[in-house]
Amino acid sequence: MSDSETEQTAAGTEPVLDGREQHRAAVAALLNVAPEPGVAKPDPILTATGVRRAFGGLVAVDVERLEVQRGTITALIGPNGAGKTTFFNLLTGFDQPSRGAWEFNGRSGARLRSYQVARAGMVRTFQLTKALSRMTVLDNMLIAAPNQIGERLWAGLMPWLWQGQEAAVKRKALELLERFQLLSKKDDYAAELSGGQRKLLEMARALMLDPLMVMLDEPMAGVNPALKQSLLEHIKGLREEGMTVLFVEHDMDMVHEIADWVAVMAAGSLITEGTPEQISADTRVIDAYLGAHHDAAQH
Ligand SMILES: Nc1ncnc2c1ncn2[C@@H]1O[C@H](COP(=O)(O)OP(=O)(O)OP(=O)(O)O)[C@@H](O)[C@H]1O
C-alpha cells in the first residue's frame with residue numbers, strides 16, 4: 001500500500017492513513033481508555049455483550065462485555081483452557097453461544113453462519129487441514145475466494161464474464177502469494193511448506209476475502225525464529241492497511257511487540273484489559289496464570 005491518503009480501505013470508502021500514522025492513530029485512540037474489563041472504546045468495530053457458552057456443566061465462555069477498537073491490533077491472552085478459542089469460534093460463527101449477542105461493524109453478528117460472518121468482513125485464519133495440505137499452494141488460495149453468486153449461471157450464459165472473474169481471482173491470489181513470499185511455492189503442495197510458511201499461507205488465504213477484521217489463532221505456533229519477524233511485519237502490515245486484528249497468542253514477546261491492546265481471559269471470563277505494559281504489571285493477570293498452574297513464569 002502506498003503512502004497516499006487517497007488509497008481506499010477494504011470497505012472501499014474510508015481514506016487510509018499510512019503505516020506509521022495508522023499505528024499512531026491506534027495508540028492515540030486507546031490512550032484514555034481505562035484498563036478495566038469490558039471498558040468502552042472510542043470506535044469499536046466489534047462489541048460483544050453477555051456471550052456465554054457452556055458444554056454440559058462447564059462454562060467455557062462467559063464474557064460480559066468486550067469492545068475491540070477499529071484499526072488496532074488486539075491480543076487475546078490467558079492460560080490454557082481460559083476459553084479463548086471457544087470465544088473465537090463463537091464470534092466467527094463456527095460455534096453457537098448458549099446466550100449473548102455481538103455487533104460487528106454495526107451489524108448483529110450472533111446466529112450468523114461462518115460464511116456470513118466472513119462475508120460481513122470478519123475472517124479468521126485456520127490451520128491447514130489434511131485436505132488442504134494435499135492441494136497446491138495456489139489452489140489453496142483459489143478455493144479461499146468468496147463463492148461467486150450464480151457461478152453456474154454466469155459460466156453457462158456469459159462465459160466471457162465468468163472467465164474475467166476467474167482471471168481476477170487468480171491475479172489477486174498471485175499478488176498475495178508474492179506479498180507473502182510464497183510465489184515460488186505456488187505449485188508445491190501445501191504439505192511441503194515449513195511451519196512458518198503455512199502461517200503465511202493461512203494469512204494470505206484470509207486476505208482473499210478482503211476482510212475488515214482478521215482473527216488469528218496462535219499465529220506464532222510452530223514458527224521458527226527466522227520467520228517470526230517476517231510474520232510480525234505482515235501482521236503489522238494488516239493494521240497499516242486499516243484492518244483490525246484480533247489474535248490469540250501465548251508468545252508474550254509477540255504480544256509486546258505488536259499488540260496495541262491486550263484482553264485477558266481466565267476461566268471463561270474477561271478479567272482485565274489494557275496496553276501490554278499495563279497488563280504485564282497487573283496482578284490479576286499473574287494470579288490467573290499461577291492459578292491455572294500454567295508454566296508461564298515469563299508471562
Ligand atoms: N467442544 C467442546 N466440548 C467440551 N468442552 C470443550 C469443547 N471445546 C472446549 N471445551 C472446554 O472449554 C474450555 C475452554 O477451552 P478453549 O479451547 O476455548 O480454551 P483456550 O483458552 O483456547 O485454551 P488453549 O490456550 O489451551 O488453546 C476448556 O475447559 C475446554 O476443555
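**Contacts, helix packing and ligand surroundings in a predicted model**

When its neighbours within four places in sequence are left aside, Met122 is in contact with Thr92, Phe104, Val117, Pro211, Leu212, Met213 and Met215, two residues being in contact if their C-beta atoms, placed from the backbone, lie within 7 Å. The model is a predicted one, in which local features need pLDDT of at least 70 and side-chain atom pairs count only at pLDDT 80 or more, whereas totals for chains, interfaces and linings use all residues. Residues are numbered from 1 along each chain as its sequence is written.

Met122 is placed in strand S6 (residues 122–124), where strands (E, at least two residues) and helices (H or I, at least four) are DSSP runs numbered from the N terminus. Met122 counts as buried because 28 C-beta neighbours lie inside 10 Å; a residue is buried if 20 or more other C-beta atoms, placed from the backbone, lie within 10 Å of its own, exposed if 12 or fewer, and partly exposed in between. Between Met122 and Leu183, which are 61 residues apart in sequence, the C-alpha to C-alpha separation in space is 26 Å.

For the protein as a whole, the secondary structure comes to twelve helices and ten strands. Of the 299 residues in the protein, 38% are buried. Among the contacts between residues at least 6 apart in sequence, 69% join residues at least 24 apart.

The residues around the ligand are Phe55, Leu58, Ala60, Gly78, Asn80, Gly81, Ala82, Gly83, Lys84, Thr85 and Thr86, a residue being near a molecule or strand if its C-beta atom, placed from the backbone, lies within 6 Å of it. Two or more residues of this shell are given by strand S2 (58–69) and by helix H2 (84–91), and H2 gives the most, with three residues. By class, the shell has four nonpolar, six polar and one charged residues, where Ala, Val, Leu, Ile, Met, Phe, Trp, Tyr, Cys and Pro count as nonpolar, Asp, Glu, Lys and Arg as charged, and the others, Gly among them, as polar.

Lys84, one of the residues around the ligand, has its place in helix H2 and counts as buried because it has 25 C-beta neighbours inside 10 Å. Apart from neighbours within four places in sequence, Lys84 is in contact with Leu76, Gly78, Val248 and Met265. The C-alpha atoms of Lys84 and Leu177 are separated by 29 Å, the two residues being 93 apart along the chain.

Helix H8 (residues 195–207) takes part in a packing with helix H5 (residues 137–144), in which the axes come within 8 Å and cross at roughly 30 degrees. H5 is therefore roughly parallel to H8; angles under 35 degrees count as roughly parallel, over 145 as roughly antiparallel, 65 to 115 as roughly perpendicular and the rest as oblique. The axes are lines fitted to C-alpha atoms, for helices over the stretch in contact, and the angles run from 0 to 180 degrees between N-to-C directions. In this contact Val137, Asn140, Met141 and Ala144 of H5 meet Leu201, Ala204 and Arg205 of H8, and the residues divide into five nonpolar, one polar and one charged.

H8 also packs with helix H9 (residues 225–240), at an angle of about 10 degrees and with the axes 10 Å apart, so that H8 and H9 are roughly parallel to each other. Here Gly196, Lys199, Leu200 and Met203 in H8 meet Leu227, Leu231 and His234 in H9, a contact whose residues divide into four nonpolar, two polar and one charged.

Gln181, in the loop between helix H7 (159–179) and H8, has a positive phi of about 55 degrees although it is not a glycine, and Gln181 is partly exposed, with 14 other C-beta atoms within 10 Å. Asp210, in the loop between H8 and strand S7 (213–217), is likewise not a glycine and has a positive phi of about 50 degrees; with 15 other C-beta atoms within 10 Å, Asp210 is partly exposed.

Finally, His256 is found in helix H10 (residues 252–258) and counts as partly exposed because it has 15 C-beta neighbours inside 10 Å. From His256 to Thr244, twelve residues away in sequence, the distance in space is 17 Å, C-alpha to C-alpha.
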